[in-house]
Amino acid sequence: MKIDEIIVYKINMRMKNPFTTSFGTEHDRLFLLVEVKNEDGLSGWGECTASESPLYIEEFTESSWIMLNKFLIPMILKKDIEHPDEVHELFSVFKRNHLAKSAIEGAVWDLYAKSKGISLSEALGGVKSSIEVGISLGIEEYIETLLENIREKTEEGYKRIKVKIKPGKDVEVIDKVREHFPDIPLMVDANSAYTLDDIETLKKLDPYNLMMIEQPLAAGDLIDHAKLQKEIKTPICLDESIHCYDDARKAIELGSGRIINLKIGRVGGLSEAKRIHDLCVQENIAMWCGGMLESGVGRAHNIAITSLANFTLPGDTAASSRYWEKDIIEPEVTVQDGILQVPTKPGIGYDVNRDELLKHTVEVKTFR
Ligand SMILES: O=C(O)CCC(=O)C1=CC=C[C@@H](O)[C@@H]1C(=O)O
Ligand SMILES: [Mg+2]
């Protein structure tokens, strides 16, 4: 399969509702889409999930734009590629920049699946035809707003509720949530807002029967998480500490957590995501697929990877309507009673709505 043409779109889309974490509040998503075309004119799509500012990870939309345009695209343009794993291999000469690498690699996976006439799920070795979906709820100024959001999403059928926490918005918030919803599958995500000095606060979360606490300590840390896990009963789930297979291997060896939130972009693409999945099967580590407030393109990739056997916990692959007035794919992603059907059409299984895409495009670059 020859990569004949690559197009990068810079897109600005307003979210339906602002999303607040311990880092701050996002109102808009400024992100990139990559379209790769082969000699037959077939298109594959990938999404770069970087944000406008480097708060979650060191990359940001402009840095990924430069990385793609200056280094990654020239490396694969006009190349003959037999299998998408080769893209990961080629890009490995450059350090990190995983979100940028993953955008092209994902587009090549989509193109590869389309050229074989199979779904991306099948190309990846997926075995599930439907997946369970959870939802991630941002920090709210008023507890009543959060309780209302939880009520609404629980009634819609989402299979687990994730609540963002930060120092000062933690134990009391969860106490209130449990008072109103004693039995829902509930977890929290701290986005690295605590240190080992907060161990007493984190211990206070133990009685609330949380499925897990996601990334309580610093991004990249494995050692302190291992110390913390020995002190608390609630399973730790790692997000910002897992950037590749070796991070996962070391985390498992050290006991830094019991669950992994796998984000395709953060680990540099689908090939690496698959390797981490297989490691977790071998090591009996539970996992789920995290979200990055993606458009339908990134969401479709998340759905495909979640169809692999070991994604046993509900992920953050909520419906398009959770994020957007109108998504840029057709049909939009819908969730029925917390269940999402994995598409069976070739590739990502959704069509990109080019009119909708162009409405939000602020810059385009074509490489031939
Ligand atoms: O619904 C989603 O896409 C998940 C949202 C979410 O929780 C996150 C999105 C982007 C960065 C982080 O703040 C974060 C996470 O940590 O999982
Ligand atoms: Mg997280």
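Good morning. The model is a predicted one, in which local features need pLDDT of at least 70, side-chain atom pairs count only at pLDDT 80 or more, and totals for chains, interfaces and linings use all residues. Residues are numbered from 1 along each chain as its sequence is written, while chains are lettered from A and ligands numbered from 1 in the order in which they are written.

I begin with the whole chain. Its secondary structure comes to 13 helices and 15 strands; these are DSSP runs numbered from the N terminus, helices being H or I with at least four residues and strands E with at least two. The radius of gyration of the chain is 20 Å, close to the 21 Å that the globule rule gives for 368 residues, so the chain is as compact as a globular protein of that length. That radius is taken over C-alpha atoms, and the rule is 2.2 Å times the number of residues to the power 0.38. Along its principal axes, the C-alpha trace spans about 60 × 40 × 35 Å.

Of the 368 residues, 51% count as buried. Here a residue is buried if 20 or more other C-beta atoms lie within 10 Å of its own, exposed if 12 or fewer, and partly exposed in between, with C-beta atoms placed from the backbone. Among contacts between residues at least 6 apart in sequence, 71% join residues at least 24 apart. Two residues are in contact if their C-beta atoms, placed from the backbone, lie within 7 Å.

Let me turn to the helix α5. Its 14 residues, 143-156, should span 20 Å at 1.5 Å a residue, and its end C-alpha atoms are 20 Å apart, which agrees; the expected span is 1.5 Å times one less than the number of residues. Which residues of α5 are buried? They are L146, I150 and K153. These residues cover an arc of only 75 degrees around the axis, which puts them on the same side of α5; the arc is that of the directions from the helix axis to the C-beta atoms. An α-helix has 3.6 residues a turn, so residues three or four places apart point the same way. On the other side of α5, E144, E148, E152 and E155 are exposed. The cover over the buried residues of α5 includes β5 (135-137), β6 (161-164) and α6 (171-180). After the helix comes G157, whose phi is positive, near 105 degrees.

Next, the sheet. Seven strands form an open sheet in the order β5-β6-β7-β8-β9-β10-β11, with parallel pairing. Its edge strands are β5 and β11 (286-289), each of which pairs on one side only. Two strands pair if DSSP finds at least two bridges between them. Within this sheet, β6 and β7 (residues 186-189) run parallel and are joined by four bridges.

I now come to the annotated positions. Under "binding site", an unreviewed UniProt entry lists D189, E214 and D239. UniProt positions are given in the numbering used here, feature names are shortened, and annotations may be inferred rather than shown by experiment. Although these three are spread over 51 residues of sequence, they cluster in space, with a largest C-alpha distance of 9.2 Å.

D189 lies in strand β7, and it counts as buried, with 27 C-beta neighbours inside 10 Å. Leaving aside neighbours within four places in sequence, D189 is in contact with S136, K162, K164, E214 and Q215. E214 lies in strand β8 (residues 213-214) and is also buried, with 27 other C-beta atoms within 10 Å. With the same exclusion of sequence neighbours, the contacts of E214 include D189, D239 and N261.

Where is K263 placed? It sits in the loop between β10 (259-262) and α10 (270-283). With 28 C-beta neighbours inside 10 Å, K263 counts as buried. Beyond its neighbours within four places in sequence, K263 is in contact with G290 and M292. K263 and E240 are 23 residues apart in sequence and 9.4 Å apart in space, C-alpha to C-alpha.

Finally, D85 lies in helix α2 (residues 85-91). With 19 C-beta neighbours inside 10 Å, D85 counts as partly exposed. Thank you for your attention.
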